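I opened this model to look up its packing, one hairpin and its pockets. My notes follow in the order I took them.

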Amino acid sequence: MSEETPGFEEKPDVPTDGTPDETETAASADKAEKAAPAGDATDVALLAQLDQARKALEERTADLQRLQAEYQNYRRRVERDRVTVKEIAVASLLTDLLPVLDDVGRARDHGELVGGFKSVAESLETVVAKMGLQQFGKEGEPFDPTIHEALMHSYAPDVTETTCVAILQPGYRIGERTIRPARVAVAEPQPGAAPAKDDAKPSADEESGAPEEG
């Protein structure tokens with residue numbers, strides 16, 4: 001039986017490959033290595049969610065741009081239709097007033113536009129002019145089948161083309177739109193009429209320089 005040496009205490013076994021501090025450092029590194037794959041997976045998931053959110057934002061932006069373009073087209077179409085409806089309504093109203101304006105014109109030609117009737121007629125003409133109604137058709141202007149309607153036809157030696165020689169009923173337009181052609185009497189050049197002789201043109205004898213006979 002051995003006797004214990006006084007003053008000697010047993011010490012715990014210490015690994016031969018390092019100190020206690022080194023052992024703890026190695027354990028921490030092992031834990032960090034085990035935790036690293038979990039961190040990478042989290043980053044990948046966040047990137048995937050970010051890409052998904054970016055795609056959703058792009059889709060919503062494209063939808064918003066498409067809706068905005070459709071709304072702009074709708075506004076332009078509504079405005080165009082509104083203008084067209086207004087023009088049709090104004091043209092319809094003014095067309096119904098044309099017989100009244102014809103009566104006013106005939107009364108003026110016969111000297112009957114006097115007194116209160118004259119004031120009313122002038123007010124009516126002012127109103128329709130503000131609405132864009134324009135009268136056209138004058139004697140002596142060339143005949144244009146797009147704006148004139150020939151009701152009478154004749155020949156005249158003093159015209160060189162088909163000409164309006166009388167305005168039977170004036171025409172009316174709104175802007176570039178004709179709502180009634182001018183009804184006119186036209187005259188054409190006389191068939192077979194010889195062109196006017198030029199007195200200043202030298203004769204054949206003068207051109208040849210032949211001497212005059214004595």
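Core first. The model is predicted. I looked up the largest nonpolar core and found 10 residues. They are V90, A91, L94, L98, L101, V128, L133, Y172, I174 and I179. Then I asked which elements supply at least two residues each. Those are α1, spanning 20–109, and β4. The largest share, 5 residues, comes from α1.

Setting aside residues up to four places away in sequence, L94 touches V128, M131, L133, I174 and I179. I also noted a second, separate core of 5 residues. Among its members are F136, C164, A182 and V186.

Hairpin next. Strand β4 covers residues 171–174 and strand β5 covers residues 177–180. The two pair in the antiparallel sense, over 3 bridges. I checked the turn: 2 residues lie between the strands. There G175 takes a positive phi, near 65 degrees. Across the pair, Y172 stands opposite R180.

R180 then got its own entry. This residue sits in strand β5. Is R180 buried or exposed? R180 counts as buried, because its relative accessibility is 9% and the cut-off for buried is under 20%. I looked for a polar partner. A polar atom of the R180 side chain lies 2.7 Å from the backbone oxygen of P170. I then listed the contacts of R180, leaving aside neighbours within four places in sequence. They are L98, D102, F136, Q169, P170, G171 and Y172.

How much space lies in the largest pocket? I read off about 380 Å³. The lining has 17 residues. Closest to the pocket centre are L101, G105, Q135, P170 and Y172.

The largest share of the lining, 6 residues, comes from α1. The largest share of the core was from α1 as well.

How values were computed:
Residues numbered from 1 in each chain as written. Predicted model: local features only at pLDDT ≥ 70, side-chain atom pairs only at ≥ 80, totals over all residues. Heavy atoms only, no water. Pairing = 2+ DSSP bridges. Helix = DSSP H or I, 4+ residues; strand = E, 2+ residues; numbered from the N terminus. Core = buried A, V, L, I, M, F, W, Y, C linked by side-chain atoms within 4.5 Å. Buried < 20%, exposed > 50% of the residue type's maximum accessible area, 1.4 Å probe, protein only. Contact = heavy atoms within 4.5 Å. Polar contact = N/O pair within 3.5 Å; in protein donor to acceptor, adjacent residues only side chain to side chain. 1 Å grid on protein atoms, 1.4 Å probe; cavity = no way out; pocket = protein on both sides within 12 Å on 5 of 7 lines; lining within 4 Å. Points joined across faces, edges and corners; volume = space filled by probe spheres on them.
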